[in-house]
Amino acid sequence: MKTRTLSPALLRFFASSTSPTIGFLSLFSSSATTTNSNSISHSDFLDCLTNTYKFTKTHALSISNRFPSIKSPDKPQSLHSFFRELGFSETQIRTLVFSSSQILFYSPNKTLKPKVEFFKQELGVETSDLGKLFSKCPMLLLHSLNEKLVPSIRILKQIYGHNENNRDFIRVLGKCKWDLVTDPQRLLANCAFLESFGIVGPQLSRMLKIYPYVFLMKESRLGDVISRVLDMGFSPDSRMIHHAVQTVGSMSNETLEKKFDVLRSFGFSECECLLMFRKAPSMLRVSEEKLKLGLDFFLSTVGFQKSVLIRTPSLLMHGMEKRVIPRYKVLQVLKSKRLFKNKPSFYTILHYKEAKFLEEFILKFRDDAEELLEAYKGHISDSTKGE
């Protein structure tokens, strides 16, 4: 039995009918037609992502599902051509698009080209470097050119200070994981706030290099961070204040206090804790577990006096499993074999670069090099397996 297709005239009759039954059939027919049409156009978009952009099927589906009502792949196609003409690699294009997929529907000539020209003219970004910059920081292409991008970049340049060819400034922009151009008014306000505490000139510039997020903080949070850092004994012109602000600003007051509690639990006084923090603020950015492991190993296993860690708290920032413990094991083997004429200082050994350590304490002892290397690499391999 052949299936009959309704004529256009009959379909129009059903669509205009007031009958509930006919109205329902009309709705069902219209929905099916629309769904079929959308699935075809959406399939074209998916094909564009896999064939033109070379996304894996999984990544292509992830992107396409964000835009279920897409009607045409034309804009994504022209965007790809635009980036390729600028010299972007396929990897750079995919990185940019996957992290900021809305850019697929931006007009290359009307929206993106003026922004690209701004970076080339204002900052002197070479065409060959555009792909690297924008794939690392796609938000630079997403914001309004005149309302956000231009004022923000000029404010940031002023904070950063003189920089020949802007290369260092561009590097800071490219490395920053935060969206620095989202709120130019916040940039100005936080800059003025920091200056009111005496953090000015080169200190302000260094803050942008080390902890740019400080320029995006809400004023109440920024005030709390700066006040606490100054209360801990840092002066505005201290070379460590930037690291202190980063440490205090990157965690809650409760978490920071827990880190100090770990130090106190090993017998350090309040004054000693603050002295250690002023010398190496980044020390407290390690996990509580690593902090405990380091303190216990240096004080109990190695036998350091507390004064050693008070004098050089940065020792607690070394990788315990991949640097400190393996080197200690090598030193123990060397001592057991009495291979030293002059007993080396473990404190000194910790500061050697990898190549020098291998040369001086493993390769130098050819007859025992295999055993020494096993003591060194064996521990590293074991620790890696447990990660």
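A residue counts as buried under 20% relative accessible area, as exposed over 50%, and as partly exposed in between (1.4 Å probe, protein chains only). The model is predicted, so local features need pLDDT of at least 70 and side-chain atom pairs count only at pLDDT 80 or more, whereas totals for chains, interfaces and linings use all residues. Residues are numbered from 1 along each chain as its sequence is written, and side-chain values use heavy atoms, with hydrogens and water left out.

**Exercise 1.** Determine which residue forms a salt bridge with Arg 264, and classify the accessibility of Arg 264.

*Solution.* Step 1: a salt bridge is a side-chain nitrogen of Lys or Arg within 4 Å of a carboxyl oxygen of Asp or Glu. Step 2: the partner of Arg 264 is Asp 261, with the closest N and O atoms 2.5 Å apart. Step 3: both residues lie in helix H14 (residues 253-265), three residues apart, which separates them by about one helical turn; helices (H or I, at least four residues) are DSSP runs, numbered from the N terminus. Step 4: Arg 264 has a relative accessible area of 25% and is therefore partly exposed, and Asp 261, at 40%, is also partly exposed.

**Exercise 2.** Locate the helices that are tied together by the salt bridge between Glu 272 and Lys 306.

*Solution.* Step 1: the side chains of Glu 272 and Lys 306 meet at 3.8 Å, N to O. Step 2: Glu 272 belongs to helix H15 (residues 270-279) and Lys 306 to helix H17 (residues 306-311), so the pair links parts 34 residues apart in sequence. Step 3: Glu 272 is partly exposed at 22%, and Lys 306 is partly exposed at 30%. Step 4: elsewhere, salt bridges with shared partners join Arg 228, Glu 257, Asp 261, Arg 264 and Glu 270 into one network.

**Exercise 3.** Describe the packing of helix H4 against helix H5.

*Solution.* Step 1: helix H4 (residues 74-85) and helix H5 (residues 90-99) pack at about 130 degrees, with axes 10 Å apart. Axes are lines fitted to C-alpha atoms over the stretch in contact, and angles run from 0 to 180 degrees between N-to-C directions. Step 2: H4 is therefore oblique to H5, given that angles under 35 degrees count as roughly parallel, over 145 as roughly antiparallel, 65 to 115 as roughly perpendicular and the rest as oblique. Step 3: the contact (heavy atoms within 4.5 Å) involves Leu 79, His 80, Phe 83 and Arg 84 of H4, and Glu 90, Ile 93, Leu 96 and Val 97 of H5.

Note on methods
Helix = DSSP H or I, 4+ residues; strand = E, 2+ residues; numbered from the N terminus.
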